[in-house]
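Welcome! Please take a first look at the sequence and the 3D view, and keep both open while you work.

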There are 2 protein chains.
Amino acid sequence: MPDSPPTASVLIIGNEVLSGRTQDVNVKFLATRLGEIGIPLREVRIIPDIAHVIITTVNEVRARFTYLFTTGGIGPTHDDITSECVAAAFGVPWEPHPEAWALLEPRYPPGGFNAARQRMATMPRGARLIANPVSIAPGFEIGNVFVMAGVPEVMRAMFESLVPRLQHGPRVVSLTVHVTGIPEGTLAEGLGAIQARFPGLDLGSYPFYRRRGNRDAPERENGVAVVAKGTDAAAATAAIAEVSELLRRLGGNPLPGEPSP
Amino acid sequence: MPDSPPTASVLIIGNEVLSGRTQDVNVKFLATRLGEIGIPLREVRIIPDIAHVIITTVNEVRARFTYLFTTGGIGPTHDDITSECVAAAFGVPWEPHPEAWALLEPRYPPGGFNAARQRMATMPRGARLIANPVSIAPGFEIGNVFVMAGVPEVMRAMFESLVPRLQHGPRVVSLTVHVTGIPEGTLAEGLGAIQARFPGLDLGSYPFYRRRGNRDAPERENGVAVVAKGTDAAAATAAIAEVSELLRRLGGNPLPGEPSP
């Protein structure tokens, strides 16, 4: 493991996300949890269930980040090809995994552990299981790649079970202030100057829109949230104080935290 | 333009998605709309607001697909660097765009069209504007790259305004049947055989879970949805008929369409 802070990438494997059938929610969960344990998420790719695309992408991405987390494609059907593609990416055989076999076989009546289900117990040689407390069929880890289910409930349980294996980095602190009535274009210059004084932080500015007032007098309210993010909590606090001062100078009434919807 | 069907890729640019602050909803919208007009979405990447990452990724991705659609990073603040990065990717100057300038300057009081806002009217040389009926500041098109806002409401309006410029492909038809009480592992073998008979279609199988019954007798119901997708509507209809027959043979009661939540 390198001494520099660890980094993460995520690969969402599934035609259902690329076709618009399914709204992905795994990225937000993984992004949030990885940030909390100090492994910033640096890239996400969403790709289809096509073997050569999965193999190429796994090899491209795993070389560039400390960890690669994949979701999707480890069920029993013909379009579940992630596991064999990861074996191909690592150049190792894809073979029955005794531990996974022992977990799954007894769950079915005689004859029920059929060829399709045996695929869920077939893994790249050398894979280490990732527990699945929700529906038993495990994920696995090989090299710096963690292969998880696509169903959010299962993915989340798998991720929590593998967290202790990861090399955590310094925790990222995120502080937010928001204001209404000041357009982004008005605060941009001052915000850029504050960013320049805090090069170790990421300052982000995010416009928001919400409806206010009652049904008889609806009102559209626009505002901006400013987020300061970094591993130096004191710097983040100081930067947010400067942002708040800037917003007051521009005539606003900055409030801490995210805007309520 | 090639004669083979056009393909699309999407690049989501923004630290706020990679940090988990924001739940992306643009992928689902673009995936759905692109499918409807026959330009299947083949890859999505989510990357941070870092110049060299944006430049490299734009050039990598635009070379591989008919169209690249980007969202995010075209506002007035210091972290809005998509536009200048796209200019760098194409190796052209980033300069005031007279048409964009003429749209934006009159919107502000004297002095209000400041340096930050002028950035929103600065574009790669040769860019063609994409109208923004929601908040005026336009996106732009250069080569096969379409640069849009990240705010979903604005992005959607921009996308609809550029649809007429795209080379549409054959429309993708998607038919779904769902069933409860049959686990994926039981139908996997038969489904694989049907997929083999319809090589021009994508057959996907997606487990679902829902709560049934009333509050006093809650019940968890598991099922599977099977989707047949392709440009040949007759083949999709025939494949779904075969899937329904398979599900009935396995003792199920297949129903057309997506499962209700």
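The exercises below each come with a worked solution.

This is a predicted model, in which local features need pLDDT of at least 70 and side-chain atom pairs count only at pLDDT 80 or more, while totals for chains, interfaces and linings use all residues. Residues are numbered from 1 along each chain as its sequence is written, and chains are lettered from A and ligands numbered from 1 in the order in which they are written.

**Exercise 1: Confidence and domains**

Find the average pLDDT of chain A, and state which domains chain A is given.

Step 1. pLDDT is the predictor's confidence in each residue, from 0 to 100. Chain A has an average of 94, and 96% of the residues score at least 70.

Step 2. For the complex, the predictor reports an ipTM of 0.92 and a pTM of 0.92.

Step 3. Chain A is assigned domain 1 (8-165) and domain 2 (173-256); such bounds come from an automatic or database domain assignment. Taken over C-alpha atoms, the centres of domain 1 of chain A and domain 2 of chain A are separated by 38 Å.

**Exercise 2: Where the chains meet**

Work out how many residues of chain A are in contact with chain B, and which strand of chain B is joined to E2(A).

Step 1. Two residues are in contact if their C-beta atoms, placed from the backbone, lie within 7 Å. By that rule, 45 residues of chain A contact 45 residues of chain B.

Step 2. Helices (H or I, at least four residues) and strands (E, at least two) are DSSP runs, numbered from the N terminus. Among the elements of chain A that each supply at least two residues to the side touching chain B are helix H2 (26-36), strand E2 (41-47) and helix H8 (184-197).

Step 3. Sort that side of chain A by residue type: 17 are nonpolar, 15 polar and 13 charged. Here Ala, Val, Leu, Ile, Met, Phe, Trp, Tyr, Cys and Pro count as nonpolar, Asp, Glu, Lys and Arg as charged, and the others, Gly among them, as polar.

Step 4. Two strands pair if DSSP finds at least two bridges between them. E2(A) is joined by three bridges to strand E2 (residues 41-47) of chain B, and the two run antiparallel. A:Arg45 has B:Arg45 as its bridge partner in E2(B).

**Exercise 3: A glycine with contacts in both chains**

Decide whether A:Gly35 is buried or exposed, and list what A:Gly35 is in contact with.

Step 1. Locate A:Gly35 in helix H2 of chain A.

Step 2. A residue is buried if 20 or more other C-beta atoms lie within 10 Å of its own, exposed if 12 or fewer, and partly exposed in between, with C-beta atoms placed from the backbone. Because 22 other C-beta atoms lie within 10 Å, A:Gly35 is buried.

Step 3. Leaving aside neighbours within four places in sequence, A:Gly35 is in contact with A:Pro40, A:Val172, B:Ser19 and B:Gly20.

**Exercise 4: The two sides of a helix**

Find which residues of H7(B) are buried and which exposed residues lie on the face turned away from them.

Step 1. Helix H7 (residues 152-162) of chain B has B:Val154, B:Met155, B:Met158 and B:Phe159 buried. They share one side of H7(B), because they cover an arc of only 130° around the axis, counted from the directions from the helix axis to the C-beta atoms.

Step 2. An α-helix has 3.6 residues a turn, so residues three or four places apart point the same way.

Step 3. On the face turned away from the buried side of H7(B) are the exposed residues B:Glu153 and B:Glu160.

Step 4. The cover over the buried residues of H7(B) includes strand E3 (67-71) and strand E8 (145-148) of chain B.

**Exercise 5: An enclosed strand**

Explain why E3(B) is described as largely enclosed, and identify the strand joined to E3(B) by four bridges.

Step 1. Five of the five residues of E3(B) are buried, so the rest of the structure largely encloses E3(B).

Step 2. B:Tyr67, B:Phe69 and B:Thr71 point one way, while B:Leu68 and B:Thr70 point the other. In a regular strand the side chains alternate between the two faces of the sheet.

Step 3. Strand E1 (residues 8-13) of chain B pairs with E3(B) in the parallel sense over five bridges, and B:Val10 is opposite B:Phe69.

Step 4. E8(B) is joined to E3(B) by four bridges, also running parallel. There, B:Val145 is the bridge partner of B:Leu68.
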